[in-house]
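Reader: I am new to this structure and would like a close look at one part of it. Please take me through the salt bridges, with some background on the chain.

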Amino acid sequence: MSVHDDLTTVQRCLDDLSRSVGKLEQQLGAGGLEMRRVRTDAAHLKESVALLRDAASHPASPRKPELVTIPDTPYDDSLWIDTDDEGLGARDRHAP
């Protein structure tokens with residue numbers, strides 16, 4: 001099966017779920033917390049499948065990360081002026 005077929009199957013199942021939730025609401029009433037939760041969860045699933053369908057119709061091209069070359073030469077010491085040594089504090093002060 002293709003992704004489109006799978007998404008169509010899922011959408012059909014969600015439509016069945018929505019109809020079943022509607023029938024349950026008629027039988028049990030729509031005011032209970034549990035019924036509201038089920039209705040909200042079904043709506044979230046429909047939104048998620050719609051997002052998946054949209055993402056599947058516009059596939060993102062895989063991009064290779066840009067490689068950064070790090071030189072083997074030492075860094076310029078002026079980069080570390082006024083910095084603290086990790087765990088030791090500032091250079092002009094002593095640790096307790």
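To begin with the background, what does the accessible surface of the chain come to, and what percentage of it belongs to carbon and sulfur atoms? Then, how many salt bridges are there, and which residues form them?

Author: The model is predicted. The accessible surface of the chain comes to about 8900 Å². Carbon and sulfur atoms hold 57% of that surface. The chain has 96 residues, and 7% of them count as buried.

Next, the layout. There are two helices and two strands. Read from the N terminus, their order is α-α-β-β. Among contacts with a separation of 6 or more, 55% join residues 24 or more positions apart.

Now the salt bridges. The count is three.

Take Lys46 and Asp15. They form a salt bridge, with their closest N and O atoms 4.0 Å apart. Lys46 sits in helix H2 and Asp15 in helix H1, which spans residues 3–28. The two are 31 residues apart, so this pair links distant parts of the chain. Lys46 has a relative accessibility of 32%, so it counts as partly exposed. Asp15 is at 28%, and therefore counts as partly exposed too. The reason is the cut-off: partly exposed lies between buried, under 20%, and exposed, over 50%.

Asp16 pairs with Arg19. Here the closest N and O atoms are 2.2 Å apart. Both residues lie in helix H1. They are three residues apart, about one turn of the helix. Asp16 is partly exposed because its relative accessible area is 38%.

That leaves Glu25 and Arg39. Their salt bridge has its closest N and O atoms 2.3 Å apart. Glu25 belongs to helix H1, and Arg39 to helix H2. Arg39 has a relative accessible area of 34%, so it is partly exposed.

One more feature belongs to the surface. Val68, Ile70, Tyr75, Leu79 and Trp80 make a nonpolar patch of about 600 Å². Tyr75, one of these residues, is found in the loop between helix H2 (33–57) and strand S1 (84–85). Tyr75 counts as exposed because its relative accessibility is 53%.

Key
Residues are numbered from 1 along each chain as its sequence is written. This is a predicted model: local features need pLDDT of at least 70, side-chain atom pairs count only at pLDDT 80 or more; totals for chains, interfaces and linings use all residues. Side-chain values use heavy atoms; hydrogens and water are left out. Patches are made of residues with over 30% relative accessible area and no salt bridge: like charges are joined within 9 Å, nonpolar side chains (Val, Leu, Ile, Met, Phe, Trp, Tyr) within 5 Å. Accessible areas come from the Shrake-Rupley method with a 1.4 Å probe; for residues, only the protein chains shown count as cover. A salt bridge is a side-chain nitrogen of Lys or Arg within 4 Å of a carboxyl oxygen of Asp or Glu. Helices (H or I, at least four residues) and strands (E, at least two) are DSSP runs, numbered from the N terminus. Buried means under 20% relative accessible area, exposed over 50%, partly exposed in between (1.4 Å probe, protein chains only). Contact means heavy atoms within 4.5 Å.
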